[in-house]
Amino acid sequence: MRAREHRALVIGLLASDAMMLLWASAGALGVRYGVSRWPGGTETSSSGLALLLLAPALTLGLMAAGGLYHLDDLFSGHREYAGVVRACTYAAFALLLLAFLLDVDLSRGALILSWGFSCFLVGSGRFVFRRG
């Protein structure tokens, strides 16, 4: 592959990951605050929502730092999926730590849903990207 094709591959994968992470955050917020019988009520705090909306950018940064966009390691099998789960987990813990340090009310349910949806959707997106 030429350099232009490599760059296009990485940009396409980055765009796919970003879209999946945004869908994961939107889905988590929709389930957490859209379901009327969810324990804990449906009240939202603007600072908690801002932290949850920071999750996609933070996860993308951690994925890049973890080498998930290096051409040598791209589509490396199960190690790639482990890296995705690792980046999503580190991002969730970072958000939890930020919420604690900044004294922000962060919905644990929304955080766990966001983590789970992120792991599943990014992993699925990479699987489809690999096969496509």
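Analyst: In helix α1, the buried residues are L13, S16, D17, M20, L21, A24, S25, A28, L29, R32 and Y33. Their cover includes α2 and α4. All of this is read from a predicted model.

α1 itself runs over residues 3-34. Its end C-alpha atoms lie 45 Å apart. That agrees with the 46 Å its 32 residues should span at 1.5 Å a residue.

Now α4, residues 108-131. This helix has 24 residues. From first C-alpha to last it reaches 35 Å, close to the 34 Å expected. Buried here are A110, L111, L113, S114, S118, C119, V122, G123, G125 and R126. The cover over them includes α1, α2 and α3.

That leaves the pairing of α2 with α3. Two packed helices are described by the angle and the distance between their axes. Helix α2 covers residues 46-65, and helix α3 covers residues 78-101. Their axes come within 9 Å and cross at roughly 135°. So α2 is oblique to α3. The crossing is right-handed.

Which residues meet there? From α2 come L51, L54, A55, L58, T59, L62 and M63. From α3 come V84, A87, C88, Y90, A91, A94, L95, L98 and A99. This contact has 15 nonpolar residues, one polar and no charged.

Technical notes: Residues numbered from 1 in each chain as written. Predicted model: local features only at pLDDT ≥ 70, side-chain atom pairs only at ≥ 80, totals over all residues. Heavy atoms only, no water. Axes fitted to C-alpha atoms, helices over the stretch in contact; angles between N-to-C directions. Helix = DSSP H or I, 4+ residues; strand = E, 2+ residues; numbered from the N terminus. Parallel < 35°, antiparallel > 145°, perpendicular 65-115°, else oblique. Left-handed = near helix turned anticlockwise from the far one by under 90°. Contact = heavy atoms within 4.5 Å. Nonpolar A, V, L, I, M, F, W, Y, C, P; charged D, E, K, R; others polar. Expected span 1.5 Å × (residues − 1). Buried < 20%, exposed > 50% of the residue type's maximum accessible area, 1.4 Å probe, protein only.
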